[in-house]
Structures are given as C-alpha cells and as structure tokens.
Amino acid sequence: MNILPNYINNKWQKSPATENIEITNPATAELLAKVPLSSKSEVNEAAESATKAFKSWRRTPASQRVQFLFLLKYLLEEHLEDIARTITFECGKTLVESRIEMRRAIENVEIACGIPMMLGGNHHEDIVDGIDGTMIRQPLGVCAAICSFSFPGMIPLWFLPYALACGNTYIVKPSEKVPLTMQKIFQLLEQTGLPEGVVNLVNGSKETVDAIVEHPQIKAISFVGSTSVAKYIYSWGAANSKRMQCHGGAKNPIVILPDADIVNTTRIAADSAFGCAGQTCLAASIAITVGEAQETFTQAIVEAANKRVVGNGLDDKVEMGPVINAGSKTRIEGLIEKGTSSGAKLLLDGRNPLIPGYEQGNFIRPTILEDVNPLSEIANTEIFGPVLSLIHVNNIDEAISLVNDNPFGKMACLFTASVAAARKFRYEAETGSIGINIAPTEPTPFLPFSSCKKSFFGDLHGQGNQAVEFFTQTKTVLERWSSKSK
Ligand code: NAD
C-alpha cells in the first residue's frame with residue numbers, strides 16, 4: 001500500500017515521516033491508502049518554497065493570477081465525477097452529496113475569479129490642505145488551511161482560490177482522515193501550470209498542525225474543525241502574531257411554528273439532520289417545536305427518518321452513508337445513551353443497524369430523541385452524527401431563548417408563514433447565520449460564512465467580501481505635493 005506523497009515546490013515527494021495512518025473506506029472497511037504524519041521539517045520546506053514563490057506571485061497582476069483559477073475551474077468540472085467518487089470512498093457520504101460538495105467547491109473558484117475587481121482601494125483628495133490619502137490592498141504572504149474531514153474537496157477551496165487571487169501563496173493541510181481528495185485536486189492544480197511553490201500540500205496531523213501554527217513565515221491560517229481544536233489553534237496562532245479565522249463546531253437549532261408548511265419543513269429538516277450522516281457543521285441537530293407543531297412535526301419527521309435508505313454511498317438508491325470511523329460510531333452511540341439516561345425518549349433508535357453486505361461499515365441509522373432536556377449534555381454537545389433532538393416549547397419567545405442559550409452560534413432556522421415572526425427571529429436570534437424556511441445550509445460564496453460564540457474564533461469569516469479583507473493587508477498612504485514638486 002503506497003504512502004501518499006506531499007506536494008512541495010511543484011514536486012510530488014515521499015515524506016520521510018516514519019509514522020503514518022491507514023485510511024479505510026467507512027462503508028466497507030477496505031484499506032485505501034496510508035497517510036504520512038509529516039514533520040516540522042516538511043512544513044518548513046513548504047513554507048520556504050511558498051515564501052520564495054511569493055516574491056514574484058505578488059507582482060503577477062491579479063488579472064493574470066486568476067487565469068490559473070479559470071483553468072482550475074474547467075479541470076474541476078472535467079474531473080468532477082472522479083473526485084466525487086473519491087470523496088464517497090474515503091468519507092462515506094452518498095455520491096449525490098459528494099457531487100453537490102464539488103459543485104459548491106467550484107463556485108468558490110468561480111467567485112474568486114472576480115477578485116481583481118475587489119482588490120481596489122480608495123483615494124481621498126485634500127484630506128487636509130494639500131494632503132491626499134490613499135488606501136491600497138496588498139497580499140499577506142504565505143497563508144495556510146488546516147481542514148476538517150467533513151468536506152474533503154470543498155473546505156480547502158473555501159480559502160485557497162481567494163488567497164491566490166489576492167496574491168498570496170498557499171499551504172493546505174488536509175484532514176488526515178480523508179487525504180485522497182486533495183491528492184486529486186492538487187494533481188489538477190499541477191496541470192494549471194502555477195509557478196513553483198505557489199501551492200503546497202503537506203499531509204499530517206497534530207505535529208504538522210503545530211508546525212504550521214508556529215511557523216514564522218506563515219502569516220495567516222484558516223482552520224475548520226472541532227471547537228476545542230479551533231480555540232487552541234486560534235489562541236496560539238494569534239499569540240504568534242498570525243491572522244486567524246478558526247471555524248469550530250456547531251449545534252444548529254431549527255424552530256417550527258404551528259403555521260409552518262409541515263410537508264416541506266419535514267423534508268428539509270430530514271435532509272439537513274441526516275444528510276452526510278449528520279456530519280456537517282450545518283446539520284439541523286435540535287428541532288424546537290412550538291405549540292401544535294409538536295404533534296404534526298414529530299409524527300412526520302419520525303416517518304421520514306425511518307424511511308431513509310442507509311448503505312454504501314456509491315449505491316444510487318442509498319440516501320445516507322456511514323459515519324467516518326469506528327471511533328466516531330462509538331462516540332455517537334455513547335451520546336445517544338447519555339441522552340436516554342438524562343430522560344429523553346428514544347423515538348427512533350439507529351444504533352447497530354444491520355446493513356447486509358456491509359457488516360464492517362460504521363453505520364448508524366437516523367435516530368430521534370424526544371423531550372430532550374435543554375440543560376442536558378446531549379442538548380449542548382455537538383453530536384456530528386445522524387441524531388435529531390426534539391424539544392417542545394409554548395411560544396416563539398421561549399424558542400428564541402433556547403437558541404440564544406445554545407453555546408454554539410453557527411446557524412438557526414425558523415419555519416413559519418408569518419413575516420412578523422420571521423423578522424423577530426432574524427432580529428433576536430444570536431447566531432452568525434439565520435435561515436427562514438430554509439435548513440442550515442452550506443454557504444454561498446457571495447456572502448461571508450458567518451458564525452459566532454463557540455462556532456467561530458476570529459474576526460473575518462471565510463468567503464464573500466470578508467475573504468478579500470482576510471487575505472489582504474490594507475496600507476494607508478498620505479502624500480503632500482506642492483506645486484513645485486517634480
Ligand atoms: P478536528 O478538530 O478533529 O480536526 C480538524 C483539523 O485539526 C484536522 O486537520 C486535524 O489534523 C487537526 N487537529 C485535530 N486535533 C488536533 C490537535 N490536538 N492539535 C492540532 N491539530 C489538531 O475536526 P474533524 O473531526 O476533522 O471535523 C469535525 C469538526 O469540524 C466538527 O466539530 C464540525 O462542526 C467542524 N466543522 C466546522 C465547520 C465550520 O465551518 N464551522 C465546517 C466543517 C466542519
């Protein structure tokens with residue numbers, strides 16, 4: 001079994017690391033590859049090559065820089081199916097989910113192609129008598145992404161295209177749980193003809209991450225992963241004077257009012273809670289029913305969840321794949337147990353399902369817990385699995401209080417026919433993103449991927465105009481010229 005190479009200074013190279021991790025297919029337990037746990041010296045080599053490349057990359061006009069991204073977009077389109085299959089192989093999600101992930105990934109490349117228009121600064125004549133002031137934007141230097149396993153193709157592309165378009169050079173550290181997708185995408189980046197050292201791929205885990213966070217030549221880090229690691233990396237990176245944006249975990253509540261369209265709400269809620277086996281930071285994980293919505297929604301969601309076809313994501317009929325690994329399955333099952341022991345009722349128990357032909361896979365069927373105590377551990381812990389908790393309240397104020405007491409702040413959604421209720425929710429709910437008659441959903445790159453509380457550490461989010469803010473340094477220039485100046 002080959003050990004995956006790193007890509008540094010436009011060369012695929014074998015890692016000298018002695019330790020590696022076995023990557024297995026979560027549906028079949030088949031061994032797919034081994035990923036090296038790269039050391040500080042390889043991070044250093046990538047940072048050196050990216051630093052060298054930065055000197056001429058920053059001088060390359062933005063309109064020329066994005067030509068490489070246009071080419072990347074076409075290569076990604078051409079290889080979308082192959083990359084989607086790789087995502088399903090290593091991550092377990094269904095092929096349809098993997099294709100959607102890659103469409104979203106490509107959208108980020110497309111939006112970054114428009115960055116030359118956004119790099120402009122501004123100019124003020126005669127700030128005071130005879131003095132003009134100008135703000136210009138300049139790239140930062142070497143930037144890096146440290147990624148979670150949940151979207152192996154999309155997450156690195158939430159950052160890399162914007163960083164390159166703004167004139168930075170880049171290092172990607174993919175999740176060690178799903179390293180194969182980035183191997184494919186870097187083969188495409190290689191085909192674009194980007195100059196040596198502009199993009200680099202370093203595989204590994206904690207030691208590799210620590211080396212990135214400590215490296216003096218790396219100026220900015222985009223992190224996506226669990227809250228505990230996000231907080232640790234944010235504090236340490238900031239202490240090392242780096243610009244940081246650290247996207248953490250989530251526990252997204254959806255609130256269902258009695259006037260909601262129950263058929264559509266149920267379909268949307270089921271797709272969100274159980275899509276990608278609940279392993280997305282935008283999974284609906286708590287459904288708060290208000291008044292009469294309790295009965296109608298509960299009945300409908302149990303029915304929808306029960307019908308979901310679970311199996312190998314490569315099978316066209318399958319609607320939900322396995323969770324990422326055996327450790328994750330055990331952790332999720334343990335949290336379900338904790339939920340029932342804290343008084344929740346198990347309406348649907350997805351533990352230990354029999355999926356014929358896939359007995360070695362990490363499967364959990366959709367699970368629904370009712371009457372979850374809002375103060376219990378299960379109500380306040382990110383499960384990151386196909387588990388939906390139901391909580392019932394009497395009115396929208398009680399629902400908003402629960403949303404605001406939630407320690408996470410990724411996204412909260414309201415399902416209603418009332419404009420007044422929607423406006424109140426948008427105004428009062430304390431989360432970075434809000435959905436009205438929409439499930440928590442992956443970001444559109446036009447807008448920043450906003451979140452707060454335990455879901456985000458930093459100031460500027462990924463995507464939208466905040467990507468340009470994050471990946472550039474503003475410089476203010478004040479000039480006085482008299483009429484005698486030459
Ligand atoms: P994780 O925190 O275990 O790993 C994320 C990255 O951090 C990996 O690259 C890993 O190598 C590194 N890492 C892990 N432990 C480390 C340590 N002790 N020191 C240094 N580096 C370390 O997360 P995961 O299991 O890959 O992904 C799931 C998590 O990601 C969930 O909490 C989910 O909500 C979150 N997530 C958040 C978003 C978002 O946009 N907010 C998006 C996707 C996933």
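Across the interface of domain 1 and domain 2 the rule finds zero salt bridges, a salt bridge being a side-chain nitrogen of Lys or Arg within 4 Å of a carboxyl oxygen of Asp or Glu. Five residue pairs, both residues at pLDDT 80 or more, are in polar contact between domain 1 and domain 2; a polar contact is a pair of N or O atoms within 3.5 Å, where within protein one must be able to donate a hydrogen and the other to accept it, and residues adjacent in sequence count only if both atoms are side-chain atoms. This is a predicted model, in which local features need pLDDT of at least 70 and side-chain atom pairs count only at pLDDT 80 or more, while totals for chains, interfaces and linings use all residues. Residues are numbered from 1 along each chain as its sequence is written, and side-chain values use heavy atoms, with hydrogens and water left out.

**Domains and their interface**

- The chain is divided into domain 1 (5–249 + 455–477) and domain 2 (252–436), with bounds that come from an automatic or database domain assignment.
- The contact, meaning heavy atoms within 4.5 Å, takes 22 residues from domain 1 and 25 residues from domain 2.
- Domain 1 and domain 2 bury about 1900 Å² between them, 67% of it on carbon and sulfur atoms, where buried area is the accessible area (1.4 Å probe) that two parts lose on being put together, summed over both.
- Pro26, Ala27 and Phe149 supply 25% of the area that domain 1 buries against domain 2, more than any other three residues.

**Helices on the domain 1 side**

- Helices α3 (80–91) and α4 (95–112) each supply at least two residues of the side of domain 1 that touches domain 2, and the largest share, five residues, comes from α3; helices here are DSSP runs (H or I, at least four residues), numbered from the N terminus.
- The structure holds 20 salt bridges, and Glu81 forms a salt bridge with Arg99, the closest N and O atoms being 2.8 Å apart.
- This pair links helix α3, which holds Glu81, to helix α4, which holds Arg99, across 18 residues of the chain.

**Ligand surroundings**

- A polar side-chain atom of Glu176 lies 2.6 Å from an oxygen atom of the ligand, and a polar side-chain atom of Lys177 lies 2.9 Å from an oxygen atom of the ligand.
- From Gly225, a backbone N or O atom lies 3.3 Å from an oxygen atom of the ligand.
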